[in-house]
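Colleague: Could we go through this model together before I set anything up with it? I would like to begin with the overall picture and then turn to individual residues.

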Amino acid sequence: MDVKALRYFTELVRRQNFTRAAEALFVTQPTISKMVRQLEDELGMPLLVKEGKSFHLTDAGKVVYLRGQDVLAAHQRLNSALADLVSLSRGELVVGLPPMSGGAFFAPVVSTFRDRYPGVELKMVEDGARAIESSVRSGQLEIGAAVLPVDDNVFDSFSLVHDPLCLVAPAGSPWHGRSSLQLADIADQPIVFYPEDFSLATRISDAYRLLGKSVNIAGRSAHWDFIVAMVKARLGVALLPLAVAGRLEADEFDVVPIDNKHIEWHIGLIWKKNSYLSHAARAWITLTRETLLGDENSG
């Protein structure tokens with residue numbers, strides 16, 4: 001049903017006069033007559049009967065007028081809801097974040113987003129970078145953080161952090177004071193490691209195999225704070241990104257960068273190429289650039 005024709009018909013019935021309806025709608029009387037005929041043709045039945053300068057409604061006209069007001073009200077609510085989405089007054093955004101990067105890196109973005117768009121419900125899905133990449137690929141997630149590089153035929157992305165991994169050991173370790181280490185220097189050490197499905201776990205394991213070694217796994221966790229707690233308890237050492245390791249207390253831990261380009265922590269924001277992005281997702285991209293990269297012209 002043509003909503004515009006319905007609106008003209010409803011206004012005519014409300015005003016009970018073609019002239020007054022035309023003035024209210026800022027159109028000519030013939031335009032209103034044309035719209036009413038168009039609506040009658042669409043419905044296949046007359047809606048009003050003219051009697052000189054006045055008219056009265058048919059049974060169908062009474063039904064269309066009564067129910068038409070509901071349709072017009074619903075149309076207005078729809079337009080208002082869509083306007084709210086565009087202005088980010090309401091809505092929902094689900095973002096995929098790896099546990100390692102969430103608290104260490106994205107907390108300022110989350111805080112700024114909530115302050116700027118309090119009407120948008122923000123949900124965080126914590127999962128490994130590989131699982132997040134898969135969810136964005138399948139459309140389950142609009143946007144997420146993943147380990148780069150990703151397939152640029154499938155994804156759009158931009159880099160956020162490119163950090164070396166660091167050995168994290170209890171203070172006073174044999175590596176205290178070193179400026180850097182080779183992976184071979186710690187290849188026999190027990191390591192508090194990542195879950196098997198983490199991209200970083202795969203890359204580290206591959207690097208060990210190149211040395212003819214396998215990772216001596218003392219325990220696993222997806223959360224850096226628990227990994228650090230196990231290191232502090234001397235269960236083993238850990239390999240953590242500089243963005244995380246650099247936040248640790250210097251008097252409790254020795255932190256030494258690992259000189260190995262193949263196992264660096266390269267995190268970026270990804271979304272599916274040539275797919276629709278909600279206004280909230282676009283706002284998240286803009287805020288991430290502003291907050292983490294200082295790009296004030298990103299919007």
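This is a predicted model: local features need pLDDT of at least 70, side-chain atom pairs count only at pLDDT 80 or more; totals for chains, interfaces and linings use all residues.

Colleague: Which elements have the lowest and the highest mean pLDDT?

Modeller: Helix α4, covering residues 59-87, has the lowest mean among the elements, at 83. The highest, 97, belongs to strand β8, residues 190-193.

Colleague: Understood. How many helices and strands are there?

Modeller: The secondary structure consists of 10 helices and 12 strands. As for the overall form, the protein is more spread out than a compact globule, because its radius of gyration is 31 Å, well over the 19 Å that the globule rule gives for 299 residues.

Colleague: What box do the C-alpha atoms fill?

Modeller: Taken along the principal axes, the box is roughly 105 × 35 × 30 Å.

Colleague: What share of the residues counts as buried, and what about the exposed area?

Modeller: Of the 299 residues, 45% count as buried. The protein exposes about 15,500 Å², of which carbon and sulfur atoms supply 50%.

Colleague: And the contacts: what share joins residues at least 24 apart?

Modeller: That share is 74%, taken among contacts between residues at least 6 apart in sequence.

Colleague: Changing topic to charges: how many positive and negative side chains are there?

Modeller: There are 31 positive and 36 negative side chains. The centres of the two sets lie 8 Å apart.

Colleague: I noticed E133. Where is E133 found, and is it buried or exposed?

Modeller: E133 is in helix α6, residues 129-138. With a relative accessible area of 18%, E133 falls under the 20% cut-off and is therefore buried.

Colleague: What does E133 touch?

Modeller: Leaving aside residues up to four places away in sequence, E133 touches A146, V150, F155 and I270.

Colleague: Back to A22, then. Which helix holds A22, and what does A22 touch?

Modeller: A22 belongs to helix α2, residues 18-25, and is buried at a relative accessible area of 6%. Its contacts, again not counting residues up to four places away in sequence, are V27, T28, Q29 and I32.

Colleague: Now the backbone. Is the peptide bond from L148 to P149 cis or trans?

Modeller: The bond from L148 to P149 is cis, with omega near 5 degrees. P149 lies in the loop between β5 (143-147) and β6 (155-163).

Colleague: What is the phi of Q16, and what of F26?

Modeller: Q16 has a positive phi of about 60 degrees although it is not a glycine. F26, also a residue other than glycine, has a positive phi near 60 degrees.

Colleague: Where do Q16 and F26 lie, and how accessible is each?

Modeller: Q16 is in the loop between α1 (3-15) and α2, and at 43% relative accessibility Q16 counts as partly exposed. F26 lies in the loop between α2 and α3 (29-43). At 78% relative accessibility, F26 is over the 50% cut-off and so counts as exposed.

How values were computed: Residues are numbered from 1 along each chain as its sequence is written. Side-chain values use heavy atoms; hydrogens and water are left out. pLDDT is the predictor's confidence in each residue, from 0 to 100. Helices (H or I, at least four residues) and strands (E, at least two) are DSSP runs, numbered from the N terminus. The radius of gyration is taken over C-alpha atoms; the globule rule is 2.2 Å times the number of residues to the power 0.38. Buried means under 20% relative accessible area, exposed over 50%, partly exposed in between (1.4 Å probe, protein chains only). Contact means heavy atoms within 4.5 Å. Accessible areas come from the Shrake-Rupley method with a 1.4 Å probe; for residues, only the protein chains shown count as cover. Lys and Arg count as positive and Asp and Glu as negative; His and the chain ends are not counted. The place of a charge is taken as NZ of Lys, CZ of Arg, CG of Asp or CD of Glu.
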